[in-house]
Amino acid sequence: MTIEFFAGRYPYILIAVLLGIGLYGMTMKRNLLKKIIGMTIFQTAIYLFFIQGANKSGATIPVFTEELGTEPTAYMNPLPQVIVLTAIVVGVAITGVALSLLLLTYKRYGSLDEEVILQRMRESA
Amino acid sequence: MSQIPALIPTLLLLAALLSLLAGLRSQRAGHIIALAGGVASFVVAVLGMLEVVSSGQAIRYAMGGWIPPIGIEFVLDHLAAYMTTLITFIGVVVLVYAPRSIRFESPGKATFTYPSIALLLAGLSGMTLTGDVFNLYVFLEIAALAAYALLAIGDKGGPFATFRYLIIGAAGGGFYLLGVGFLYFSAGTLNMADLSAILPELMENRAVMTAAALMVIGLGLKMALFPMHFWMPDVYTNAPSVAASVIAPIMTKVSAYAIIRLFLDVFPQGFFTETLPITATIGWLSAGGILYGSILAIGQQDFRRMLAYSSVGQIAYVGLGIGLANPIGLIGGLLHIVNHALMKGLLFLISGAVRLQTGVTRIPEMKGLGKSMPWTMYAFAIAALAMVGIPPTAGFFSKLYLLIGAVEAGAWIWFAVIIASSLLSAVYFFRVTEMIFRDPGSDPAETAKEEGGEKEHTTPEHPAGEPPASMFIPIAIMAAGVILVGVFNFVIISALLERVVAPLGG
C-alpha cells in the first residue's frame, strides 16, 4: 500500500519537497543571496509541477501529422508548457530585479546578512 | 467600442515604452508621454464605464481574434469598469504631481520613474480586465516588478525593504500560480467564464479546494492581509512619496479585487462560504488586522510609517467586506476600495508636499505647518476626517454599509471592531492634526537638528509655504474627490456596485 502510494506519486512528492526547501530558504535563511536561491528553487518546483501535470506517456509533440490524425491522446497538451515558458520569463525578470536590489543593498551596507544590515540601518538612522 | 478592454492596458504599455525612449533624451518629454498615456487610458476607462452602465452588458474582447475559451479574453464588466476608472484616475493625479517631488527626493531617477508608473498602471488595469486566471498572474507580476522598481529608488533603506517585499511578493505569486495549476489540471480551462460553468460539477473535488486555498493565500500575501502584512511598513516608509502615493492606494486593493473576482465570478456560489470557510477566515484575519494596524499606527513617530500601519488596518476593511459575504457588506468593502484609495493617496501626496517644502517627515516636527501651508493642511484635515469616518466624507459611508452588513450577518464582534477602529483612527489622526495646527513654539528646522540624522535628505528646497501648483492641484483634486465620492456614493452603488454583488442575491 505505502509503496504503491509512493510509486504512483513520487514526482509530486519530489515537487512538494522542492517547494518546502524553497520556502525554507526564502523565509529562514539570513543571507540575502540564499533567499534568492530559495526563491529560484521554489519557482522551479512550480514549473516542474506544471510539466509533470501535463505529462502523458506515449504522446508526441503537439504538431499535427497525417498518420496520427486528430486523436487527442496521441499529442501532448501544449498549454501547460506554454504556461511554464511564460512563468520562466517572469521568474527570470524577478530574479534579475532581486539581484540588482541585492547589489544596491550590498553597496550601501557592505553585507548580505539580514541581521547585520538591520543593525547597520539602526546605527545610521 | 468593443476594443475598449484591450485599449486601456495597451495604451499604458505603449506609453511606458515610449516614455522610456523619449525620457533618455529629455526628462520632460518622457513625463509628457507617460501623462498623455495615463490621460488617454483614463478617458477610455470612463467611456467604457459609461457604455457598460448604459447598456448593462459587459464589453468582451478576444485577444488576437482567438475565440475564448481557447484564446484570452478581456472583459470590461461593472466591477472591472469601477476598478480601472479608479486605477487610471489615481495614475493621472500622481503623474501630474510626480516631477517636482521626484526631482527633489531622488534626483536623476525621474527618467525611470514615469515609465515605471505607466507600467504599474498597465499591470494593475490588466489584472482587473483579464478574463483568464493565468493571464491575471502575468499582469500581477508586471505590476509587482514595476512596483519594486518604483519603491527601490527611495531612501537609503529603500532597496533592502524592497528586497524583502520582493521575496514575499514572489512567494505570493508562486502560491497563486500553483493554485492555477491545480485548477487547470482539474477543470481543464483557464478562462474565468468557462471555469464558472465547469466548477459547479467539481464542488467536492479536493484539487479544486487546494487550488482555491492556494490562490487566496497567494493573493492574501500580495494584499497584505494580516498577518501577512509585515513587509508593508518598511516599504512605504522608505519609498519616495510618488511611489507610495500611487502604490499604497491601488496596489493592495487590486489583489483584494482579484479575491472578490474569484469569490463572485469564478468559483461556484457557496464554495467560498460553505465548502471552504475562506470568506470567514478572511473576515477574522481582517478583524485582527484592523485592530493591529490601528493600534500600531498610534505609536509611530514617522508620518509615512503611521500611514503604512493605517493602511494595514484599512485594507482589512475590504477584507471584512469579503468576510461578511452579504450584499450590503460587500458593497461597503468595495466602496472602501475607492474611498481608501482617495484618502490614502491624498495623505501620501500631502506627506510628499510637506517633505518638499520643509524636509520634515516626522510627526513631532510637523508643528506649526497649519500656519505656513494652510491650504495643504486643510486638505489633510479632510483626509483625516474621512479616515475617522465623519460624514459627509467618503470614509463614513463605506463604514456605514459595513456596519449594516455586520448587523445583517449578526457578526457583533466585527461590528465592535469597526467602531473601535474608528475611535483609534480618531486618536492617531487627531494627534497629528493637533501638532499641525498648534502654535509653532519652536522652528521645525531646529527640532530637526536636535533629532539629528538624515540631514542630507531633509534640506528644504524652499522655505516653508504652499507647495507648487503642480503638486497642490492634485492634492486639491483628491480632497474634492474624498468629499464628492462621499456625497454621491449612492450613484456609484446604484450604477455599478449593485450589479456586482448580484450573485450573492441582494
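Phe490(B) is found in helix 22 of chain B, where helices (H or I, at least four residues) and strands (E, at least two) are DSSP runs numbered from the N terminus. The model is predicted, and local features need pLDDT of at least 70, side-chain atom pairs count only at pLDDT 80 or more, and totals for chains, interfaces and linings use all residues. Residues are numbered from 1 along each chain as its sequence is written, chains are lettered from A and ligands numbered from 1 in the order in which they are written, and side-chain values use heavy atoms, with hydrogens and water left out.

The most comes from helix 21 of chain B, with three residues.

Leu346(B) has its place in helix 14 (residues 327-358) of chain B. This residue counts as buried because its relative accessibility is 0%; buried means under 20% relative accessible area, exposed over 50%, and partly exposed in between (1.4 Å probe, protein chains only). Leaving aside residues up to four places away in sequence, Leu346(B) touches Ala379(B), Ala383(B), Ile475(B), Met478(B), Ala479(B) and Val482(B), a contact being heavy atoms within 4.5 Å.

Pro159(B), in helix 6 (residues 158-187) of chain B, is likewise buried, at 0% relative accessibility. Apart from residues up to four places away in sequence, Pro159(B) touches Ala152(B) and, in chain A, Leu101(A), Leu104(A), Thr105(A) and Arg108(A).

Aromatic residues provide a further view. Over all chains, the structure holds 27 aromatic pairs. Rings of Phe, Tyr and Trp (its six-membered ring) pair if their centres lie within 6.5 Å; planes under 30 degrees apart count as stacked, over 60 as edge-to-face and the rest as tilted. The rings of Phe303(B) and Phe380(B) have centres 5.9 Å apart and planes at 55 degrees, so this pair is tilted. Because Phe303(B) lies in helix 13 (residues 303-324) and Phe380(B) in helix 16 (residues 374-388) of chain B, the pair ties together parts that are 77 residues apart in sequence. Phe303(B) is buried at 2% relative accessibility, and Phe380(B) is buried at 1%.

Trp375(B) and Tyr378(B) are three residues apart in helix 16 of chain B, and are therefore separated by about one helical turn. Trp375(B) is exposed at 56% relative accessibility, whereas Tyr378(B) is partly exposed at 44%. Tyr12(A), Phe49(A), Phe50(A), Phe182(B), Tyr184(B) and Phe185(B) form one aromatic cluster.

Chain A contains four helices and zero strands. Its radius of gyration is 21 Å, well over the 14 Å that the globule rule gives for 125 residues, so chain A is more spread out than a compact globule. That radius is taken over C-alpha atoms, and the rule is 2.2 Å times the number of residues to the power 0.38. Buried residues make up 32% of the 125 residues in chain A.
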